[in-house]
Amino acid sequence: MAVVIAQPNKSDSLDSTTSAAGNPNAPSFFKHADLIEEGDTVIIYVTFDSTHAIIARRGQTLCMKYGALRHEFVIGKPWGSRISATAGYVYALRPSAELWTRSLPRRTQILYTPDCSLILQLLDARPGSVICESGTGSGSLSHAIALAVAPSGHLYTHDIEESRTKKVEQEFKEHGLADVTTAVVQNVCTDGFFVTNACDGVFLDVPAPWEAVPHAAAAISRFRGGRLVSFSPCIEQVQRACEIMRQVGFVQVETVEIVPRTYKVVELARQSLAEFEASGDQTAVQGARSGSDRIRKRKLEEETTG
(Lines give C-alpha, C1' and ligand atoms only; values in the text may rest on other atoms or scores of the structure.)
Protein backbone atom coordinates (compact mmCIF):
# COMPACT_ATOMS: atom_id res chain seq x y z
CA MET A 1 0.00 0.00 0.00
CA ALA A 2 1.17 3.53 -0.65
CA VAL A 3 0.27 6.76 1.07
CA VAL A 4 0.76 10.09 -0.67
CA ILE A 5 1.02 13.20 1.46
CA ALA A 6 1.03 16.75 0.15
CA GLN A 7 0.74 20.27 1.48
CA PRO A 8 -0.82 23.20 -0.40
CA ASN A 9 0.62 26.65 -0.87
CA LYS A 10 -0.89 29.09 1.62
CA SER A 11 -2.58 32.38 0.84
CA ASP A 12 -3.59 35.19 3.14
CA SER A 13 -7.36 34.77 2.96
CA LEU A 14 -9.33 34.03 6.11
CA ASP A 15 -11.43 30.94 6.59
CA SER A 16 -14.30 29.61 8.64
CA THR A 17 -13.66 27.18 11.49
CA THR A 18 -15.77 24.41 12.84
CA SER A 19 -15.61 22.89 16.29
CA ALA A 20 -17.69 20.58 18.42
CA ALA A 21 -17.57 19.23 21.92
CA GLY A 22 -18.53 15.73 22.92
CA ASN A 23 -21.39 15.08 25.30
CA PRO A 24 -19.89 13.67 28.52
CA ASN A 25 -23.22 12.12 29.53
CA ALA A 26 -23.64 10.04 26.36
CA PRO A 27 -22.49 6.42 26.02
CA SER A 28 -19.05 7.13 24.71
CA PHE A 29 -15.52 6.04 23.95
CA PHE A 30 -14.52 8.99 26.17
CA LYS A 31 -16.12 7.78 29.40
CA HIS A 32 -13.69 6.86 32.14
CA ALA A 33 -16.02 5.51 34.82
CA ASP A 34 -14.69 2.59 36.83
CA LEU A 35 -17.72 0.36 36.27
CA ILE A 36 -19.52 -0.74 33.11
CA GLU A 37 -22.96 0.84 32.85
CA GLU A 38 -25.98 -0.19 30.84
CA GLY A 39 -25.77 1.34 27.37
CA ASP A 40 -21.97 1.34 27.28
CA THR A 41 -20.14 -0.10 24.30
CA VAL A 42 -18.04 -2.99 25.59
CA ILE A 43 -15.39 -4.98 23.74
CA ILE A 44 -15.63 -8.66 24.69
CA TYR A 45 -12.14 -10.11 24.31
CA VAL A 46 -12.20 -13.86 23.67
CA THR A 47 -8.79 -14.48 22.10
CA PHE A 48 -6.23 -12.34 20.28
CA ASP A 49 -8.02 -13.01 17.00
CA SER A 50 -11.57 -12.99 18.36
CA THR A 51 -13.32 -9.95 19.82
CA HIS A 52 -16.94 -8.83 19.90
CA ALA A 53 -18.42 -5.36 20.35
CA ILE A 54 -21.67 -5.19 22.30
CA ILE A 55 -23.88 -2.48 23.75
CA ALA A 56 -24.56 -3.67 27.28
CA ARG A 57 -28.32 -4.08 27.72
CA ARG A 58 -30.16 -6.20 30.25
CA GLY A 59 -32.00 -9.18 28.83
CA GLN A 60 -29.61 -9.69 25.90
CA THR A 61 -27.09 -12.48 25.36
CA LEU A 62 -23.92 -12.74 23.29
CA CYS A 63 -23.29 -16.13 21.67
CA MET A 64 -19.66 -16.82 20.81
CA LYS A 65 -16.87 -19.38 20.78
CA TYR A 66 -16.88 -19.87 24.54
CA GLY A 67 -20.62 -20.26 24.85
CA ALA A 68 -23.15 -17.62 25.84
CA LEU A 69 -22.60 -14.47 27.87
CA ARG A 70 -25.55 -12.64 29.40
CA HIS A 71 -25.15 -8.88 29.43
CA GLU A 72 -26.25 -8.80 33.08
CA PHE A 73 -22.94 -10.44 33.96
CA VAL A 74 -21.09 -7.53 32.34
CA ILE A 75 -23.07 -4.56 33.69
CA GLY A 76 -21.69 -3.31 36.98
CA LYS A 77 -18.31 -5.00 36.57
CA PRO A 78 -15.06 -3.00 36.52
CA TRP A 79 -13.54 -2.44 33.09
CA GLY A 80 -11.02 -5.16 32.28
CA SER A 81 -12.79 -7.79 34.39
CA ARG A 82 -12.48 -11.47 33.63
CA ILE A 83 -16.02 -12.80 33.26
CA SER A 84 -17.19 -16.41 33.06
CA ALA A 85 -19.30 -17.50 30.10
CA THR A 86 -21.06 -20.86 29.75
CA ALA A 87 -18.01 -22.54 28.18
CA GLY A 88 -15.03 -20.48 29.27
CA TYR A 89 -14.11 -16.96 30.28
CA VAL A 90 -13.69 -13.63 28.49
CA TYR A 91 -12.55 -10.10 29.31
CA ALA A 92 -14.71 -6.97 29.21
CA LEU A 93 -12.55 -4.17 27.81
CA ARG A 94 -13.04 -0.43 27.45
CA PRO A 95 -13.51 0.50 23.76
CA SER A 96 -10.75 2.21 21.82
CA ALA A 97 -10.11 2.92 18.15
CA GLU A 98 -7.82 -0.11 17.88
CA LEU A 99 -10.25 -2.50 19.57
CA TRP A 100 -13.14 -1.16 17.51
CA THR A 101 -11.16 -1.87 14.34
CA ARG A 102 -10.74 -5.46 15.50
CA SER A 103 -14.41 -6.02 16.28
CA LEU A 104 -16.46 -3.75 14.00
CA PRO A 105 -18.95 -5.23 11.52
CA ARG A 106 -17.14 -5.22 8.18
CA ARG A 107 -19.20 -3.75 5.38
CA THR A 108 -16.13 -3.06 3.22
CA GLN A 109 -12.41 -3.72 3.28
CA ILE A 110 -11.06 -1.75 6.24
CA LEU A 111 -7.90 0.06 7.24
CA TYR A 112 -6.15 -1.59 10.16
CA THR A 113 -4.28 0.00 13.04
CA PRO A 114 -0.84 0.25 11.32
CA ASP A 115 -2.47 2.08 8.39
CA CYS A 116 -4.61 4.31 10.63
CA SER A 117 -1.66 5.25 12.83
CA LEU A 118 0.47 6.44 9.91
CA ILE A 119 -2.44 8.26 8.30
CA LEU A 120 -3.20 10.14 11.53
CA GLN A 121 0.44 11.13 11.79
CA LEU A 122 0.60 12.33 8.19
CA LEU A 123 -2.65 14.28 8.59
CA ASP A 124 -1.25 15.81 11.79
CA ALA A 125 -4.64 15.08 13.38
CA ARG A 126 -4.97 16.51 16.87
CA PRO A 127 -7.69 17.89 19.17
CA GLY A 128 -9.29 20.81 17.36
CA SER A 129 -8.40 19.69 13.84
CA VAL A 130 -11.02 19.70 11.09
CA ILE A 131 -10.62 16.68 8.82
CA CYS A 132 -12.46 15.57 5.67
CA GLU A 133 -12.49 11.86 4.82
CA SER A 134 -13.60 9.95 1.75
CA GLY A 135 -14.76 7.19 1.70
CA THR A 136 -16.25 6.16 4.98
CA GLY A 137 -16.53 2.41 4.37
CA SER A 138 -16.93 0.49 7.62
CA GLY A 139 -15.81 3.43 9.75
CA SER A 140 -12.51 2.04 11.03
CA LEU A 141 -10.42 5.11 10.19
CA SER A 142 -13.41 7.37 10.88
CA HIS A 143 -13.42 6.35 14.54
CA ALA A 144 -9.66 6.82 14.80
CA ILE A 145 -9.87 10.33 13.33
CA ALA A 146 -12.89 11.30 15.44
CA LEU A 147 -11.16 10.24 18.64
CA ALA A 148 -8.00 12.10 17.60
CA VAL A 149 -9.71 15.44 16.86
CA ALA A 150 -12.19 15.37 19.78
CA PRO A 151 -13.46 17.19 21.73
CA SER A 152 -13.07 20.48 19.85
CA GLY A 153 -12.39 19.28 16.30
CA HIS A 154 -14.65 17.79 13.67
CA LEU A 155 -14.66 14.99 11.11
CA TYR A 156 -16.61 15.22 7.87
CA THR A 157 -16.74 11.74 6.37
CA HIS A 158 -18.12 11.14 2.87
CA ASP A 159 -19.35 8.01 1.11
CA ILE A 160 -21.38 7.33 -2.02
CA GLU A 161 -23.38 4.51 -0.39
CA GLU A 162 -26.29 5.77 1.71
CA SER A 163 -26.73 2.54 3.69
CA ARG A 164 -23.10 2.58 4.83
CA THR A 165 -23.33 6.24 5.75
CA LYS A 166 -26.45 5.72 7.86
CA LYS A 167 -24.90 2.75 9.65
CA VAL A 168 -21.74 4.66 10.52
CA GLU A 169 -23.83 7.64 11.64
CA GLN A 170 -25.75 5.33 13.98
CA GLU A 171 -22.49 3.95 15.39
CA PHE A 172 -21.22 7.48 15.99
CA LYS A 173 -24.32 8.22 18.06
CA GLU A 174 -24.01 4.99 20.04
CA HIS A 175 -20.35 5.73 20.78
CA GLY A 176 -20.86 9.35 21.79
CA LEU A 177 -19.10 10.73 18.71
CA ALA A 178 -22.09 12.41 17.07
CA ASP A 179 -21.04 15.91 18.16
CA VAL A 180 -17.63 15.66 16.50
CA THR A 181 -18.67 13.91 13.28
CA THR A 182 -20.81 14.55 10.22
CA ALA A 183 -21.53 11.69 7.81
CA VAL A 184 -22.38 12.83 4.29
CA VAL A 185 -23.66 10.92 1.25
CA GLN A 186 -21.65 12.62 -1.47
CA ASN A 187 -19.34 11.74 -4.34
CA VAL A 188 -16.27 13.87 -3.69
CA CYS A 189 -14.83 13.13 -7.13
CA THR A 190 -17.70 14.94 -8.86
CA ASP A 191 -19.44 17.05 -6.21
CA GLY A 192 -16.57 18.01 -3.93
CA PHE A 193 -16.58 18.03 -0.14
CA PHE A 194 -19.24 19.15 2.32
CA VAL A 195 -17.11 22.11 3.46
CA THR A 196 -14.75 24.49 1.68
CA ASN A 197 -11.83 26.54 2.92
CA ALA A 198 -12.13 25.01 6.39
CA CYS A 199 -10.13 21.78 6.72
CA ASP A 200 -6.75 21.10 8.26
CA GLY A 201 -6.48 17.81 6.43
CA VAL A 202 -8.17 15.71 3.75
CA PHE A 203 -7.95 11.95 3.40
CA LEU A 204 -8.79 10.12 0.17
CA ASP A 205 -9.45 6.40 -0.19
CA VAL A 206 -11.21 6.30 -3.54
CA PRO A 207 -10.57 4.44 -6.81
CA ALA A 208 -9.66 7.61 -8.75
CA PRO A 209 -8.09 9.99 -6.20
CA TRP A 210 -6.80 12.36 -8.90
CA GLU A 211 -10.39 13.35 -9.65
CA ALA A 212 -10.89 14.46 -6.04
CA VAL A 213 -7.59 16.35 -5.67
CA PRO A 214 -8.91 19.74 -6.94
CA HIS A 215 -11.91 19.45 -4.60
CA ALA A 216 -9.56 18.58 -1.73
CA ALA A 217 -7.56 21.73 -2.43
CA ALA A 218 -10.78 23.75 -2.21
CA ALA A 219 -11.72 22.13 1.11
CA ILE A 220 -8.38 22.86 2.81
CA SER A 221 -8.06 26.11 4.73
CA ARG A 222 -6.25 28.73 2.68
CA PHE A 223 -5.24 30.56 5.85
CA ARG A 224 -3.94 27.70 8.00
CA GLY A 225 -2.92 25.41 5.17
CA GLY A 226 -3.25 21.68 5.60
CA ARG A 227 -2.38 18.24 4.36
CA LEU A 228 -3.79 15.90 1.75
CA VAL A 229 -3.25 12.17 2.25
CA SER A 230 -4.29 9.65 -0.39
CA PHE A 231 -4.29 5.89 0.21
CA SER A 232 -3.93 3.73 -2.92
CA PRO A 233 -3.13 0.04 -3.50
CA CYS A 234 -1.68 0.50 -7.01
CA ILE A 235 1.40 2.45 -8.07
CA GLU A 236 -0.42 3.69 -11.19
CA GLN A 237 -2.96 5.42 -8.95
CA VAL A 238 -0.14 6.95 -6.94
CA GLN A 239 1.67 8.26 -10.01
CA ARG A 240 -1.40 9.90 -11.48
CA ALA A 241 -2.50 11.37 -8.14
CA CYS A 242 0.96 12.87 -7.53
CA GLU A 243 0.95 14.44 -10.98
CA ILE A 244 -2.40 16.14 -10.40
CA MET A 245 -1.36 17.27 -6.91
CA ARG A 246 1.60 19.15 -8.33
CA GLN A 247 -0.53 20.65 -11.09
CA VAL A 248 -3.10 21.91 -8.58
CA GLY A 249 -0.40 23.55 -6.47
CA PHE A 250 0.43 21.09 -3.71
CA VAL A 251 4.04 21.03 -2.54
CA GLN A 252 6.19 18.57 -0.58
CA VAL A 253 4.54 15.63 -2.33
CA GLU A 254 5.86 12.38 -0.86
CA THR A 255 5.01 8.70 -1.26
CA VAL A 256 5.29 6.23 1.63
CA GLU A 257 4.91 2.47 1.35
CA ILE A 258 3.38 0.69 4.32
CA VAL A 259 5.12 -2.66 4.76
CA PRO A 260 4.44 -4.22 8.17
CA ARG A 261 6.98 -6.73 9.44
CA THR A 262 6.28 -9.26 12.17
CA TYR A 263 8.99 -10.56 14.50
CA LYS A 264 8.84 -13.61 16.72
CA VAL A 265 10.97 -13.33 19.85
CA VAL A 266 12.14 -16.66 21.30
CA GLU A 267 14.56 -17.61 24.04
CA LEU A 268 17.92 -18.80 22.74
CA ALA A 269 19.18 -21.90 24.57
CA ARG A 270 22.95 -22.08 24.99
CA GLN A 271 24.76 -25.25 26.13
CA SER A 272 28.38 -25.73 27.12
CA LEU A 273 30.39 -28.76 25.98
CA ALA A 274 30.36 -30.16 29.54
CA GLU A 275 26.56 -29.88 29.65
CA PHE A 276 26.40 -31.42 26.20
CA GLU A 277 28.51 -34.38 27.33
CA ALA A 278 26.39 -34.81 30.44
CA SER A 279 23.28 -35.12 28.29
CA GLY A 280 24.38 -38.64 27.34
CA ASP A 281 24.36 -38.44 23.53
CA GLN A 282 27.83 -39.92 23.01
CA THR A 283 27.58 -39.97 19.22
CA ALA A 284 26.90 -36.27 19.11
CA VAL A 285 29.62 -35.64 21.69
CA GLN A 286 32.21 -37.47 19.59
CA GLY A 287 31.11 -35.52 16.53
CA ALA A 288 31.47 -32.24 18.38
CA ARG A 289 34.91 -33.21 19.67
CA SER A 290 36.13 -34.30 16.25
CA GLY A 291 34.87 -31.04 14.79
CA SER A 292 36.74 -29.07 17.44
CA ASP A 293 39.88 -31.12 16.79
CA ARG A 294 39.71 -30.39 13.07
CA ILE A 295 39.39 -26.68 13.72
CA ARG A 296 42.40 -26.67 16.07
CA LYS A 297 44.45 -28.71 13.59
CA ARG A 298 43.62 -26.31 10.74
CA LYS A 299 44.61 -23.30 12.83
CA LEU A 300 47.91 -24.98 13.77
CA GLU A 301 48.68 -25.71 10.10
CA GLU A 302 47.92 -22.11 9.14
CA GLU A 303 50.24 -20.80 11.85
CA THR A 304 53.02 -23.21 10.78
CA THR A 305 52.81 -22.36 7.07
CA GLY A 306 52.43 -18.68 7.81
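**Walking through the model**

Trainee: Is L104 buried or exposed?
Mentor: L104 counts as buried because its relative accessible area is 3%; buried means under 20%, exposed over 50% and partly exposed in between, with a 1.4 Å probe and protein chains only.

Trainee: What does L104 touch?
Mentor: Leaving out residues up to four places away in sequence, L104 touches I110, S138 and S140, a contact being heavy atoms within 4.5 Å. H52 is 52 residues away from L104 along the chain, yet their C-alpha atoms are separated by 7.8 Å.

Trainee: Before I go on, what should I know about where these values come from?
Mentor: This is a predicted model, where local features need pLDDT of at least 70, side-chain atom pairs count only at pLDDT 80 or more, and totals for chains, interfaces and linings use all residues. Residues are numbered from 1 along each chain as its sequence is written, and side-chain values use heavy atoms, with hydrogens and water left out.

Trainee: What is the mean pLDDT of the chain?
Mentor: The mean is 86, and 81% of the residues reach 70 or more; pLDDT is the predictor's confidence in each residue, from 0 to 100. Over residues 10–25, though, pLDDT is below 50, and that stretch has 40 contacts in the model beyond near neighbours in sequence.

Trainee: And the overall make-up? How many helices and strands are there?
Mentor: The chain has nine helices and 13 strands. Of its 306 residues, 43% are buried. Among contacts with a separation of 6 or more, 64% are between residues 24 or more positions apart.

Trainee: Let's go inside. Which residues in the largest nonpolar core touch the most other members?
Mentor: F193, V202, L204 and L228 do, in a core of 27 residues. The elements giving it two or more residues are β8 (130–134), α5 (188–191), β11 (201–204), α6 (209–219), α7 (235–248) and β13 (250–257). A core here is a set of buried Ala, Val, Leu, Ile, Met, Phe, Trp, Tyr and Cys residues joined through side-chain atoms within 4.5 Å.

Trainee: What does L204 touch?
Mentor: Not counting residues up to four places away in sequence, the partners of L204 include F193, L228, V213 and A212, along with S134 and F231. There is also a second, separate core of 24 residues, with I131, L141, V180 and F231 among them.

Trainee: Now the largest pocket. Which lining residues lie nearest its centre?
Mentor: Those are G135, T136, G137, D159 and D205, out of 25 lining residues. Two or more lining residues come from each of β8, α3 (140–149), β9 (154–159) and α5. On a 1 Å grid over the protein atoms alone, a pocket is an open set of points where a 1.4 Å probe fits, with protein on both sides within 12 Å along at least five of seven lines; lining residues have an atom within 4 Å of a point.

Trainee: What about backbone angles, say the phi of D124?
Mentor: Phi of D124 is near 55°, positive in a residue other than glycine. D124 is partly exposed because its relative accessibility is 32%, and the loop between α2 and β8 holds it. N197 also has a positive phi, about 55°; it lies in the loop between α5 and β11. N197 is buried, because its relative accessible area is 10%. Most residues other than glycine have a negative phi, and most peptide bonds are trans.

Trainee: Last one: is Q247 buried or exposed?
Mentor: Q247 is exposed, because its relative accessible area is 57%. Q247 lies in helix α7, and its C-alpha is 9.4 Å from that of P214, 33 residues apart in sequence.

Conventions:
Helices (H or I, at least four residues) and strands (E, at least two) are DSSP runs, numbered from the N terminus.
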